[in-house]
Amino acid sequence: MIKGFSTWGALVVLLGFGLVLGGATQAGVAAWVMAGGAGLGLIGAFLVLREAGQWQETIARAEAFDAAFARDRRSLRIVDAQGRTLAANREGRRFWGKADPLAVLAARLYDSDSDHEAFERLDAAYQAGLDAVQELGLVAAGDRSGRDWVRVEIRGLDKPKGARLLIAADVSARRAVENVLKGEREYLGDFLDFLPVGVYALDSEQTFRYVNRTFAEWLGATPDKLLGQPLAAVLADGSTRPEIDGAWRGLVRLRGARGGAFTALLTHTLYEDNGETLTRAALVRDIDADGGEAGVAGASALARRVFDESPVGIAVVDVGGLPYPMLAEANDTLAGMLGRVRDDLIGLPLEEIVDPKMRAELAQVFRRAAAGVPVAPMEVRLDSARDVTAMLHIRPLPADDAEDGETPARQLIHVIDTTDRRVLQMQTAQAQKMQAMGQLAGGVAHDFNNLLTAMIGFCDLLLQRHGPGSASFTDIMQIKQNANRAANLVRQLLAFSRRQPLLPRFVRVPDALAELSHLLRRLLGETIALELLHGRDVGYVRVDPGQFDQVIINLAVNARDAMVGGGTLTIRTGAINLSEPLKVGTETVVPGHYVTIEVADTGTGIPKDDLSRIFEPFFTTKAGTAAAGTGLGLSTVYGIVRQTEGTVTVESRPGEGATFTIYLPRFDDAQVRARAGAPAGAAQEHAPALEKARPFPLPEGKVVLIVEDEDAVRVFGARALKAKGYSVLEASDGEQAIAILADHPEVDVLVSDMVMPGMDGATLARLVRQTYPAIRVVLMSGYSEDIASDDLADSPDILFLAKPFNLDALAAKVAEALEVRES
């Protein structure tokens, strides 16, 4: 035993360690030091401090994990063994909600055999408590015919027992690119299969790993039957054996389909794949055994046919003894890409097949290739009437009698059209960029709405004490007016991010435009003529009338600014039925029935480079001009149309004006009546009837509980309602609100923010409806997405108040809630 250390000392050491873990670090160290001798005391103090440091480090790591969990862009949710939510990030609450995880997926599962099978595997793993990963097709939000791809992952957690982590990530963009690449591979596979020459590949053991259909048919077999067979098995007796140590070309005899044999010209090359030496080979059949003229002529005719009928552009370029490389041969496919006649390509300088801006780069690459330096494929834009992009592959084409090391006098060029793939890549990139910008704009707008609510609200409180006769009245009004201007900018950001509150109803577009035409003519001025042209049987669209007017006004103002010297603005309506997707620029309109609204001007037009950015927020071509604005006009149009399940496209050329076309889902009379629940002979007016105004109930004795995590907003709301005569209780989060309600069941109205740490407003509203059904609920939010997809949105006893709001709006909404309660 160490001198001076007793059992009592050991107990004191343990006590000191416990005090450290409990927070009393100094007391724990002192107890440990006093336990037994100076030497042991110092050692004990060191150990306790080290353990305390490790404990603090553990807490820091936990806090870092919580922050990363909240900011993860994937939809994360942790559930216990009974499927109840233990934790979820913001995206997780939107995607998973509070329901059973498998029920959430089943409700949106796309109706296909593969998706049902993937879901069954996921369900079986979930029920068995096993980890699993599946990719599911889910019905796209707002488009029952569309499909969103989501990667769903289930992971078991050690603690608490039976808990699991659910992860959902959108992989639709990756799937779209994979489908394009898969289609290209299948296309090239079909091309090889139906070539009029035999093609095969061997592994390092000289057994077939690929055989095209033509070669298999020559041998009277199928490609699958030949895979894994050795090359020697198909060589006829007495045939030359190909050399396998390097590239080889020569005649071989192969076993035919009916027991006979035939002669073929074989060319094979070697290549490395992951350290394994493999063989690629091509055979041309029916070569004369003696290599006579008939055989050579037959080979030449076959090669010409392959050249002419290839689905990719092919050209032979002469470089020997010429001042510049020129096309010696070209096939019809290349001529079609360039929009020219094949004969006109012969003798054409190579550089002239590409866009003038890329000719210097192509000349430099070709000079390296002609010098014998291997060059990588080059992506170019062809000089064509169509916007065609292609990949150029340049390879040397040695003459038959060329000696080793001799520089070829010709180069073979393959031109592969990549236009469709590039368009898809641009569409995917544009969609991802606009989505990211929308998320950023929505998040910024949400935070600004809280700030603006406090600014506007406290201005209203100040104005109650400083009337028009006060020296401060003008200053306060300036603050309030500028806050309202800021609120308008925030609404435009919300429109772009598709998160603004909407009140949609059925509208006849011609009628709406007729009512708006007087305002449009005043906006356009006397130098610009307005023409309204309406098609027959346009039908209805389901839009927010105020936001629809905003879209048309923004487009009209944009057109006015482009027609400085005057011109004509034409608005044309019509109906269209798309049976196939319609691609316009980077936008794609899915098949369906649409009402179209074209807004065309005769102004200066839009430069081509600006078309892809025209709907981005804060992007403007008017900077430094008298017409300069915020750059939010067209982004607002984009957001409102998208939020209304429509599409907006733009077509323009400099000097020829611009045409914006809006596609909105079309509804006929029967669909409108069915939605409205009206009988078959009902009138065609579907605007809600105006009710006779009724006085709001008096606030005497009414109790309001306001729940808001932003202190400034909560303080303003409480003071505003107290000034109107209400008794007000305050809570900073959902948990505190539940505790207050337990002590004050007399609360009449609950006013709660939607987004709060811990329990959110939607969860709080559900609990209050279940426990206190007599209490009416008003939900506040900086944008409508928090409630639009929630089951609370259609509840008649829950009201919604959009931020920012002023004193009168808050008081009116509370009074409306009390009226609902007493009616």
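Select Val749 in this predicted model: its bridge partner in E28 is Arg776. Now widen the selection to strand E27, residues 749–753, and strand E28, residues 776–781. The two run parallel and are joined by five bridges.

Next, bring in the rest of the sheet. It is open, has five strands with parallel pairing, and reads E26-E25-E27-E28-E29 in order.

Select 734–743 for helix H22, which lies across strand E25 (703–707) and E26 and runs at about 135° to E26. Then select 761–771 for helix H23; this helix lies across E25, E27, E28 and E29, at about 160° to E27.

Move on to the aromatic side chains, where the count of aromatic pairs comes to eight. Show Tyr200 and Phe208: their ring centres are 5.3 Å apart and their planes stand at 85°, so this pair is edge-to-face. Tyr200, Phe208 and Phe215 make up one aromatic cluster. Tyr200 and Phe208 are buried, and Phe215 is buried too.

Finish with two arginines placed over tyrosine rings. Select Arg147 and Tyr110: Arg147 lies over the ring face, at 4.1 Å from the ring centre. Then select Arg164 and Tyr126, where the charged end of Arg164 sits over the ring, 4.0 Å from its centre.

Definitions and conventions:
Residues are numbered from 1 along each chain as its sequence is written. This is a predicted model: local features need pLDDT of at least 70, side-chain atom pairs count only at pLDDT 80 or more; totals for chains, interfaces and linings use all residues. Side-chain values use heavy atoms; hydrogens and water are left out. Two strands pair if DSSP finds at least two bridges between them. Helices (H or I, at least four residues) and strands (E, at least two) are DSSP runs, numbered from the N terminus. Contact means heavy atoms within 4.5 Å. Axes are lines fitted to C-alpha atoms, for helices over the stretch in contact, and angles run from 0 to 180 degrees between N-to-C directions. Rings of Phe, Tyr and Trp (its six-membered ring) pair if their centres lie within 6.5 Å; planes under 30 degrees apart count as stacked, over 60 as edge-to-face and the rest as tilted. Buried means under 20% relative accessible area, exposed over 50%, partly exposed in between (1.4 Å probe, protein chains only). A charge sits over a ring if NZ of Lys or CZ of Arg is within 6 Å of the ring centre and within 35 degrees of the ring normal.
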